[in-house]
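Please look over the sequence and the model before reading on.

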Amino acid sequence: MDLVSYQDFLERLKLIKAAVAETRPETSSSNFPRTNELGFIAFLQKYMMELTSSEAGSVALVNYPIQTIQEELIFLHPFLEKIVELRNEDEELQAFWDRVVEVAYKAEFLIDSLLVGDVLDSSSISFDSIVEELKIIKAVAMKIFESNRLDLKVKEVTKSLNHMPPQSSKPIISDVVVGLEDEATSIINRLTRGSSQLQIIPIVGMPGLGKTTLAKKVYNDSSVMSHFYARAWCTVSQTYYKKNLLLQILTSIHTKLHDKFVEMSEEDLAAEVRRGLLRTKYLIVLDDIWDTEAWNALEASFPDNRNGSRVIMTSRNRDLAAPRGELDEGPHFLRPLTPDESWDLLSKRLFPGKDLPPPELCELRMQIVEMCQGLPLTIVILAGILANEDQYSWKKVVEGLNSSMLSSTEQCTAALELSYNNLPDYLKPCFLYFGAFPEDHEHATERLNWLWVAEGFAQKTQFKSAEDVANDHMMALINRSLVMVSKQRSIGGVKTCRVHDLLYEFCVRKGRQENFVQLVSGYDELYTISVPHNLRRLCINSNPGHFCKSRELELLVHLRYLAVVGDLESIASSMSNLLNLETLILETFDSAVSLPDTIWNLKKLRHLVLKGDCLDEYCELQLPTYNLENAEHLCDLNTLSRVMLPSWDTIDKMFRKFPNIHKLKCSFYEANDSRDSADKVLALDFLSGLESLTLKFINHTGVLCQFEFQFPLTIRKLTLSGFLFPWSKISEIQNLPNLAVLKLLDGAFQGKIWSMEEEEGFPKVSFLKIASLDIVNWTASEYMDCFPSLRKLVLEDCQFLEEIPSGLGSSTLETIEASDCPFSASFIQPLREEQMDMGNTDLKIHISSSKMNY
């Protein structure tokens, strides 16, 4: 053949190959992760955009069709969004989806390999094959779109929902209802007392906590039954049909369900329910609500008769429990069972009607109670397991059980799968991420949010930073009762969180099933496991020494998050190889840590933090100052914690290297006599995004400082220590309009009297801490509330303090904590009486010292 004919032959072969590929319906059999695939594709698009726009990326990728791949994925993205729900109902759409996801993962793998110099370019996986596959996929997408199949599929799904069988209309009363007496009393009081207006009472809690059980207990209480003239129980569940819900209510409020009701339209049924409830005092229970649409569909059928009618909702989602008006008390958050309640439930499930269980069970009480962690679902499951075993083998069974085994039972799996499947795709990886940590781990939410950002689970939007989006994800998981709050922040928000053991085991198991994460424990296992080439997430639970033996750190060029613990004194200059690093956390115990000049090359760095319990006051990060004028700006740096600032001559230059900082914690000292400080000005007002600032001055002279500060007006949290300021300089802080948290610690101010004048005050400060100051009298003008928004006051190690202003936080104060303040009782008791006179009977006061605690 001549060359022209040969080229024509190759082109025809390509066309035939493409035609065959378009009709190939096979589903991907790869082992790529199956969690939030659409989010991954969006992250990959952003990643490729950054690579093609950066100098380093452009050089490495100049000869490869990265931009073509990016453009094809951008084209396909809206189509993928359209079929994200429909694909579950259609094999062809699912096969199409799998092809797109697999080719995206292959593209990322090739790009990452190329950037580390490990180019894999074969017939099975190459840039050319990816481009060719994307073109075929694009052609398939166009055909599907032009055939109007998607519109037909939407109609089919809607039609199937409209023909769902009706659900049970009566609650199935549990044989055993144990404990929760105080919870039931609280709900009953809200049902039978209070406003005559219609009130909504949401009962919120995690899966298996007993929300439905509590609602049944209240629904069938004799005082409730006699209080309401009409009662109806309606089970909503995750998938529901409005007509069925209305029929459930009608079945309860009418003695007989007329045949005509079944033939009615939704609108007529809604009107019939409203007529049946009009002018009567009613109680409606809407059990297991998952979203606001169900409530919105029924709300119009519940008239407000102004006679004390009530609606109870049970839900895993606290977002559904927003107050409808000023009189609504908000949701009732259901607590776990106490150890005694847990034991009673297990005993009554196994031995109904008996007062005491046999000794074979009693000797296992502590193990059982600890394993179940107050969750009724696990107790019921355990009772079912023990009921099928001989009593003499119970000890062996219990000792062999753990939360993993309980969570894998069919009953438990079904309950947890419901919650997981109901999550939006973008929340699923955030939830499964808890499985990558040790069991019972308490998570600092800030660090967890940073990890989610580094993983690409949260990305910035037009109006929010990536960290704010990650925090929204965290709150969404908390609101869905999947994550528990451990500690609150003084400034508002969640400081630490954890997940129940049952949910933790679910995350581990589900993460393994979806190839989301692979867990490795110990040094030996690290070298014996078979790690697939497409593994995206490897979690090694081992000690740092083992990890150092197995890797050289600077080779991990795709690393975005790094936390190092050890006796550190300096960081190697090769750190600059980690050009993608976003978070660097260093934890040390002995000394300051010097950072290399190359730290300024990490342009993507967002969080640079030193942690640890070092007693040396100079134990801080030391940033390089050599040739600072020519150093790069870290424009993305959000958090800089525990850094030692250099001399006054370079402080301003240093601060200007991170112009978009949000959280700054730093120390500095004056080598010369502090009496020369009157002309010093620490200007921070150009840091327009700064919200949290901690300043520590290492003062060895004991002389009052006269520094001038220029703070940005954006500051919400301010902590000062060591300056020995005169109290007259407090006025420089009062002009901060957004200040909500103020901490004056360890010699921040010096002087026995802090007298606040009429023009002084902190209008938005809700948290105030005063610690280790020599103050004796803290006074204010009569009838003046200098902290009108104060909610919490903490006094610590104020040995001489004898007086605080009267009327402090007169209408807002909730908590006072005083420790090692010998005269605290003399001024706290009058303040308590003032608060009670003003109607604040809920003020919590805690006074303690090293010798007493009451």
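A polar atom of the Thr 445 side chain lies 2.6 Å from the backbone oxygen of Val 494. This is a predicted model, in which local features need pLDDT of at least 70 and side-chain atom pairs count only at pLDDT 80 or more, while totals for chains, interfaces and linings use all residues. Residues are numbered from 1 along each chain as its sequence is written, and side-chain values use heavy atoms, with hydrogens and water left out.

**Thr 445**
- Thr 445 belongs to helix H23, residues 445–455 (helices are DSSP runs of H or I with at least four residues, strands are runs of E with at least two, and both are numbered from the N terminus).
- Thr 445 is buried, at a relative accessible area of 2% (buried means under 20%, with a 1.4 Å probe and protein chains only).
- Beyond neighbours within four places in sequence, the contacts of Thr 445 include Met 474, Arg 489 and Val 494 (contact means heavy atoms within 4.5 Å).

**Nonpolar cores**
- The largest nonpolar core has 88 residues, and Trp 778 and Phe 787 have the most contacts inside it (a core is a set of buried Ala, Val, Leu, Ile, Met, Phe, Trp, Tyr and Cys residues joined through side-chain atoms within 4.5 Å).
- Helix H28 (residues 648–655) gives this core its largest share, four residues.
- A second, separate core of 87 residues includes Val 285 and Met 371.

**Sheet**
- Five strands form an open sheet in the order S2-S3-S4-S1-S5, with parallel pairing (two strands pair if DSSP finds at least two bridges between them).
- S2 (230–235) and S5 (332–333) are the edge strands, each with a single partner strand, so one side of each has no neighbour in the sheet.

Methods. Buried means under 20% relative accessible area, exposed over 50%, partly exposed in between (1.4 Å probe, protein chains only). A polar contact is a pair of N or O atoms within 3.5 Å; within protein, one must be able to donate a hydrogen and the other to accept it, and residues adjacent in sequence count only if both atoms are side-chain atoms.
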